[in-house]
Number of protein chains: 2
Amino acid sequence: MKSMSTATRDQFSRAEQAYRHVLEFIESGQLAAGDRLPSEAELEAQLGLSRASVREALARLRAEGRVQSRRGSGSFLTEGRPAELVRLSTITSVPELIEWHEFRLALESEVASLAAERATDEDVARMRAAQELLMERLSAGAASREDAAFHRAIATASRNRKLEDAIAALANHVIEWARMGQVKRVMSPAERREIIASEHGEIVDAIAAHNAERARSAVRRHLLNGRARLLSAIDP
Amino acid sequence: MKSMSTATRDQFSRAEQAYRHVLEFIESGQLAAGDRLPSEAELEAQLGLSRASVREALARLRAEGRVQSRRGSGSFLTEGRPAELVRLSTITSVPELIEWHEFRLALESEVASLAAERATDEDVARMRAAQELLMERLSAGAASREDAAFHRAIATASRNRKLEDAIAALANHVIEWARMGQVKRVMSPAERREIIASEHGEIVDAIAAHNAERARSAVRRHLLNGRARLLSAIDP
DNA sequence: TACTATCAAGTTGTCTGACAGATTGTCAAG
DNA sequence: CTTGACAATCTGTCAGACAACTTGATAGTA
């Protein structure tokens, strides 16, 4: 690793200079996965920057999953730039929609189960409030966002941020797809309202009763029914 | 924004506590895109942490694209989340590992169920072959990759590419974490071999029998046992 | 009144020093 | 060979100081 030129130095913030330099070093191929980076003190000396700037660069590299730091040992190169978990590609076909739906089913049923184990009275109240709002909106027509908010409230009660984030992203994904006009409305608002009230009610009741298996089943039933309704709403 | 409880405080690093707290605040909906976060000094006071820890959290949020900081002005919420399902950031604590494990549990149990419905004889043969290879490797020591390959074979049989890709990425994620030496070996290879043979065998048998519920349960049992073993292998 | 310049206060970016907690390697004793 | 003690090293955190920048208020001028 060499010192940086003055021109480069003036262009970027110190932390970014450090980041770029370490990234360059990482991508030079001189290190393999699991290898140890120079220590913070060494990077300070090599780059002529303060430790704070070096640490800021390392924080970024950690956030990107490229590096893992252990107190007392050092910072180590991870396997490589981790791919995103899975790409939220645009839904271009019904089979793909089904794949995403199965993905969502996996997450939401587990989340319901966790929510049943972990939900506080506050959580349950929040779910019921979300359900109320959804009911009001359903009278006025489509209510995708309120539906997503209801599911989000359940995910929040799971106390697993990763699951919660993923479910929120998936919900947006499907909302976006539906908004593209792929769906014809075949169910009257009153009918839809009645079904949603019943199915969501069962979910919340199971969670409030802290019955993980019942919550899981209720969510599965709800989502599978919803899928069937959705598929029948699509012109073949 | 409220102060953190002591229990939460002890579980995560200071920087991670700050990160989680600010993220929670961001996602509470109290801020819109473009709105300004509390200043670093305010966050210090509110969280009872040093400025360095607060800055580290902000660095992470910046790296994730959630926040943008301007010298002299403050840190601002960006337009919205990047279009990825969930970010595969480096695992920095045991609670985070557990979150990822729950995520994995959700996916893998659903995948086992789908595999049971959809697996061909070829799929089953592939699983058994992966299991054989894993057994051989277990005799020689750790075999994380072969274990991941076994799980991948199941995921392939689910015929859901999104789930398959996600499971592969998650497996790599956890392998990376374990490789960093966070785990002490406490189980003898023979013992481990016996347990894996039994648990994996149950999974494959259930899939071969096209029994979705049995496959799901077998995978859950296997992963939950594995988690317990993993957690007991980490010195508190 | 509108515009410009100045300044103080506040904010992030960086530096420095110190200490805490964890890791690693060495050495001595049993 | 194993175990324990210890020193050196490393990252994580804290605190204080200063640099560079922004923002809003105020005063001066046309």
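Q: How many bridges join strand 1 of chain A to strand 2 of chain A?
A: In this predicted model, strand 1 (residues 67-70) of chain A and strand 2 of chain A run antiparallel. One of the pairings sets Val67(A) against Leu77(A), its bridge partner in strand 2 of chain A. The number of bridges that join the two strands is 4.

Q: Which residue takes a positive phi in the hairpin of strand 1 of chain A and strand 2 of chain A?
A: The hairpin of chain A has 3 residues between its strands. With a positive phi near 95 degrees, the residue in question is Gly72(A).

Q: In strand 2 of chain B, what is the bridge partner of Arg70(B)?
A: Strand 1 (residues 67-70) of chain B and strand 2 (residues 74-77) of chain B pair in the antiparallel sense, over 4 bridges. They form a hairpin with 3 residues between them, and Gly72(B) in the turn has a positive phi of about 95 degrees. Within this pairing, the partner of Arg70(B) in strand 2 of chain B is Gly74(B).

Q: Which element supplies the largest share of the surface near DNA strand C?
A: Of the 23 residues around DNA strand C, those that come nearest are Ser13(A), Arg14(A), Ser50(A), Gly72(A) and Gly72(B). At least two residues each are supplied by helix 2 (14-27) and helix 4 (51-63) of chain A, together with helix 3 (40-47) and strand 2 of chain B. By class, this surface divides into 4 nonpolar, 11 polar and 8 charged residues. Its largest share, 4 residues, comes from helix 4 of chain A.

Q: Which element gives the most residues to the surface near DNA strand D?
A: DNA strand D is surrounded by 22 residues, of which Ser13(B), Arg14(B), Ser50(B), Ser53(B) and Gly72(B) are the closest. Two or more residues each come from helix 3 (40-47) and strand 2 (74-77) of chain A, as well as from helix 2 (14-27) and helix 4 (51-63) of chain B. The residues of this surface fall into 4 nonpolar, 10 polar and 8 charged. The element that gives the most, with 4 residues, is helix 4 of chain B.

Q: Which helix gives the most to the side of chain B that touches chain A?
A: The contact takes 35 residues from chain B and 36 residues from chain A. On the chain B side, helix 4, helix 5 (94-118) and helix 8 (161-182) are the elements that give two or more residues. That side has 17 nonpolar, 5 polar and 13 charged residues. The most, 12 residues, come from helix 8 of chain B.

Q: How many residues does the largest nonpolar core have?
A: Ala112(A), Ala115(A), Ile207(A), Ala112(B), Ala115(B), Ile154(B) and Ile207(B) are the members of this core that touch the most other members. Ile207(A), not counting residues up to four places away in sequence, touches residues including Val124(A), Met127(A) and Ile154(A). Apart from this core lies another, of 30 residues, with Tyr19(A), Leu47(A), Leu37(B) and Leu58(B) among them. The number of residues in the largest nonpolar core is 81.

Key
Residues numbered from 1 in each chain as written. Chains lettered and ligands numbered in written order. Predicted model: local features only at pLDDT ≥ 70, side-chain atom pairs only at ≥ 80, totals over all residues. Near = placed C-beta within 6 Å. Nonpolar A, V, L, I, M, F, W, Y, C, P; charged D, E, K, R; others polar. Contact = placed C-beta atoms within 7 Å. Core = buried A, V, L, I, M, F, W, Y, C linked by C-beta atoms within 7 Å. Buried ≥ 20, exposed ≤ 12 C-beta atoms within 10 Å, placed from the backbone. Pairing = 2+ DSSP bridges.
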